[in-house]
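Here's a quick briefing on a protein model.

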There are 2 protein chains.
Amino acid sequence: MSAPVQISANKHFGGYNRRFRHKSTSLGCEMTFTIYFPPAVEAQAKKVPLIYYLSGLTCTDENFIQKSGAQQKASEFGIALVAPDTSPRGLGVPGEADSWDFGVGAGFYINATVEKWKNWRMYEYITEELPALLSSNFGDKIDLGTAAVMGHSMGGHGAITVGLKNPGKFRSISALAPICNPTSLECPWGTKAFTGYLGDNREAWKEHDSCELIRRHKGPPLPLLVDQGSADNFLSQLQPESLEVAAKDAQYPIQLRMQEGYDHSYFFISSFIDDHIEFHAKHLK
Amino acid sequence: MSAPVQISANKHFGGYNRRFRHKSTSLGCEMTFTIYFPPAVEAQAKKVPLIYYLSGLTCTDENFIQKSGAQQKASEFGIALVAPDTSPRGLGVPGEADSWDFGVGAGFYINATVEKWKNWRMYEYITEELPALLSSNFGDKIDLGTAAVMGHSMGGHGAITVGLKNPGKFRSISALAPICNPTSLECPWGTKAFTGYLGDNREAWKEHDSCELIRRHKGPPLPLLVDQGSADNFLSQLQPESLEVAAKDAQYPIQLRMQEGYDHSYFFISSFIDDHIEFHAKHLK
C-alpha cells in the first residue's frame, strides 16, 4: 500500500481540510479523498474519533467539504471527517461516463460481480482499504476504532448498508435523503445500478438494500438518524416510508424526520448537518 | 424597469435562497442575483434588514450562496442577504473573457469611463439600480433603509469603497481579505483594472481606493470590520497594512484582524462569516 500524497490543505474552523491522492489496490486506479482534521489533532496531540461521509451520485470528495459546513461542529466536538470519492475514475471502461447514474461517480458502495465492472469495488474500498490506509498513515491522529458513518442520497444508502453490515466498525449511522430500497421496482436508480454491477441475481441485490438489511438485523441496533426533505424531487425513488415500515416490522428503532419544504440539494444538507454531527458526537464519546 | 424573474428557490435554514434574472438598464445585459430570505419574512410578515455581499474575481452570485454558510446566522437574526453577480456578461465585447482578472467576472464595482468598457457600470448597478429594483419588487419584505455591505477580495474593495462613498445608505461595512489599496504599484490587479476601465487619469482612480477614501472621510465613521488570513497567497496585492495606516492617520476606527494560517478561499470566509453577520446584526437593529 503506497502512502497517500497530500495535494491541498486549507485551514478551516481552526483545523485543516487536507486532500490526498493515492493508488487504490481495490479499485485499480488513483483516488482522491479529503480529511478534515479538527484543531484538537494538532493542538492537543490526541487521537480523535472519525465520521465517514459517503457522497451521492455525480459527487467527488469535494462537494461535502466545500458546501456542507460540517467542519464547524466537527471542529467544536473534535471529530475528524473523511470524504472519499464515489467511484473509480480514469479507467477508460467503455461507457463508464455515458450516464450520470451509472459508472463514473455512481459506485453505489457495492462490489461489482459483472466482469466488465470488476474495478467497481467501492464496498471493499470503504470498509477495508480506506480504514487500513487511514490507520497506517494517520493512526497517530485518528482513533479508527471510534467511528461513525453518514451519507447523502446514494451515499445515504451507502451509510446505512455499510453501517448495518459492519456493526463492530461503527458506533452510529445517519443519512440525509438516502436511497432506502434500491431493489424495489419504484427505484430505477437501484435497478439500473444493481443490474449493471451485480447482474440479474436479485438475491445478491438484497445484500445491499437498507430495508432488507434492517429486517435481517441481529444484535443490538446501531443508533440511526435519517432526515428527508418533503420537497425532494427524488422522493419516489428514495422511499423513506419503506425504511420506516421495515424498521417497525423489525422493531429496529430509527429516528426518521420529514423536513417540510426541503429539497435534495446541499442547502438541505447544510441546514441539518449540525444535528447529524451532534448525533454522532454523542455516540463517539 | 422590468420585474426580476425567479429562476430557482431552495429552502435553507428555514428560509429560502431565491435566484432571479433581470434585464439591467445600467449594464445593458441580463443579470442574475440571489436573495436569501430568512424565515422571519414569511412567518412574521415583517420587513427585515439587508446585507449586500459583493463577491471576488471570477465569482458569480452563486459562490457565496453555496459555500459561505452565511444563511445560518442570517436566519437566526432575521436578516436578508443579497448576492449580485460581479460584472456584465454576454455582451460579446472583444477580449472580455481573455483574463480572469479583467472584463467578465471582474467588474471592480466602478463605472468605466473608457468607451470600450462603457457597460461596466457595477458601481451604479450596486448603489442605484439594484436597491431600486429591490425596493420596487421586495419592498414589502426588505427594509432597504436598514442595510449593510460586505464582500470578499475584489468584493471587499467594493464593500469598503461603496460603503464609504454612501454613508447614508449603509449602517456598517465588513470585508474578508479586501483589496485595500488598488491604486498602489504593489497591486497589479488594481493597476490593470483601473487602467482598463478608467484610463490613465490616476486622480479618477483614487475615487475607488479604500485607503484614499478613508483618509478623506468626513462625518461619523461607519463601523468597519476586516478579516485577513495570514497565509493568503495574494497578501502582497491586498495590503491590509496600508488600510491600517490610512485609518490610523485619519483617526478612523477599524477592527482589522489577522487570522493566523488562513488562505484566500471560501474555507476562510466560512470560518469567520458568523462573526461578520453578528457584527452587522448589531448595527442593523
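The second largest pocket is lined by 16 residues, and B:Cys59, B:His152, B:His264, B:Ser265 and B:Tyr266 sit nearest its centre. A pocket here is an open set of points on a 1 Å grid over the protein atoms alone, where a 1.4 Å probe fits and protein lies on both sides within 12 Å along at least five of seven lines; lining residues have an atom within 4 Å of a point. Keep in mind that this is a predicted model, where local features need pLDDT of at least 70, side-chain atom pairs count only at pLDDT 80 or more, and totals for chains, interfaces and linings use all residues. Residues are numbered from 1 along each chain as its sequence is written, chains are lettered from A in the order in which they are written, and side-chain values use heavy atoms, with hydrogens and water left out.

**More on the second largest pocket**
- About 320 Å³ of space lies in this pocket, counted as the space filled by probe spheres set on the points, which are joined across faces, edges and corners.
- Helices α2 and α11 of chain B each give at least two residues to its lining; helices are DSSP runs of H or I with at least four residues, and strands are runs of E with at least two.
- Its lining splits into 7 nonpolar, 8 polar and 1 charged.
- For these classes, Ala, Val, Leu, Ile, Met, Phe, Trp, Tyr, Cys and Pro are nonpolar, Asp, Glu, Lys and Arg are charged, and the others, Gly among them, are polar.

**The largest pocket**
- This one has a volume of about 540 Å³.
- Of its 38 lining residues, A:Lys67, A:Ser68, A:Ser265, A:Tyr266 and A:Phe267 are the closest to the centre.
- Elements giving two or more residues to the lining come from both chains: α2, α3 and α11 of chain A, plus α2 and α11 of chain B.
- By class, the lining has 14 nonpolar, 20 polar and 4 charged residues.

**Where the chains meet**
- 22 residues of chain B are in contact with 22 residues of chain A, meaning heavy atoms within 4.5 Å.
- α11(B) brings the largest share of chain B's side, 5 residues.
- That side has 7 nonpolar, 10 polar and 5 charged residues.
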